Amino acid sequence: MAAAELAVPALAGGGGGGGAGSGAGAPSGTVPVLFCFSVFARPSSVPHGAGYELLIQKFLSLYGDQIDMHRKFVVQLFAEEWGQYVDLPKGFAVSERCKVRLVPLQIQLTTLGNLTPSSTVFFCCDMQERFRPAIKYFGDIISVGQRLLQGARMLGIPVIVTEQYPKGLGSTVQEIDLTGVKLVLPKTKFSMVIPEVEAALAEIPGVRSVVLFGVETHVCIQQTALELVGRGIEVHIVADATSSRSMMDRMFALERLARTGIIVTTSEAVLLQLVADKDHPKFKEIQNLIKASAPESGLLSKV
């Protein structure tokens, strides 16, 4: 049985014969199954004749908050004749009480990092007035953040902006033009992944990538990135548009995030990747936007 890539909704499998009879105590037309994952084992049931796809769906419903969506898995069936788990036979269908488990493989999926305007959203995190005196090189990341928002408007990319407790910390700085952004939301949670943001993402068809920038790198940016990846979304953190009060905190946050497969990149790389071709109808506008290089501030040596 081939490994299952859980981030892909359509999975191979299903169909075929099986044993006889459903287990006692199960609702009519269903079969009791013990679903095992890691150290957990949860009894449930599936329709008689359920195949590979339905088993995967049941695993996700039972353990979805614990499954790393960037891993590959294999489903195994406990075989009484061998006294151990074996890979699920091809064409397997549930017809009698059984025990199955989901086993993560050691090889993680490679993140390719492609960006296309139709599947990308920009996240601008907490670029607020009260942070100005405390965040290192704040003027530089404001400048780059504004450039990113201009590029998003040119390319028709949705932008979501959050403000951390704006009643106490003020609104987004005036230098950043929020014209045309999809949402500007207050929050108290450090991560940008709040219910309103999740609802907005669900309304945008085909979102695969988030371009993330703002403050602080080791708090709100890091927590946002990790939550998004946990939901199967690829994250690109713009290094020249994110900072912290401490350069040590910033440096170790970016190193940690890069090790998890999150892409640490630059504003120019993001914008040029989004147009991808000199014949793109917006290439000249983007070219003019990046004609002057982003500030080479003290951030450069601290990545």
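Does Val144 count as buried or exposed, and at what relative accessibility? At 1% relative accessibility, Val144 counts as buried, the cut-off being under 20% relative accessible area, with exposed over 50% and partly exposed in between (1.4 Å probe, protein chains only). Bear in mind that this is a predicted model, where local features need pLDDT of at least 70, side-chain atom pairs count only at pLDDT 80 or more, and totals for chains, interfaces and linings use all residues. Residues are numbered from 1 along each chain as its sequence is written, and side-chain values use heavy atoms, leaving out hydrogens and water.

Val144 sits in helix α2, residues 138–155; helices here are DSSP runs (H or I, at least four residues), numbered from the N terminus. Setting aside neighbours within four places in sequence, Val144 is in contact (heavy atoms within 4.5 Å) with Asp240, Ala241, Ser267, Ala294 and Pro295. Thr266 is 122 residues away along the chain, yet its C-alpha atom is 9.5 Å from that of Val144.

Now for a pair of helices. The axes of α5 (residues 217–230) and α6 (residues 247–259) come within 9 Å and cross at roughly 15 degrees. That makes α5 roughly parallel to α6, a label for angles under 35 degrees. Thr217, His218, Gln222, Ala225 and Leu226 in α5 meet Asp249, Arg250, Ala253, Leu254, Arg256 and Leu257 in α6.

Finally, the cysteines: the structure holds zero disulfides, a disulfide being a pair of cysteine sulfur atoms within 2.5 Å. For Cys124, the nearest cysteine sulfur is that of Cys125, 7.7 Å away. Cys124 is buried, with a relative accessible area of 1%, and Cys36 is buried too, at 10%.

Terms used: Axes are lines fitted to C-alpha atoms, for helices over the stretch in contact, and angles run from 0 to 180 degrees between N-to-C directions. Helices (H or I, at least four residues) and strands (E, at least two) are DSSP runs, numbered from the N terminus. Angles under 35 degrees count as roughly parallel, over 145 as roughly antiparallel, 65 to 115 as roughly perpendicular and the rest as oblique.
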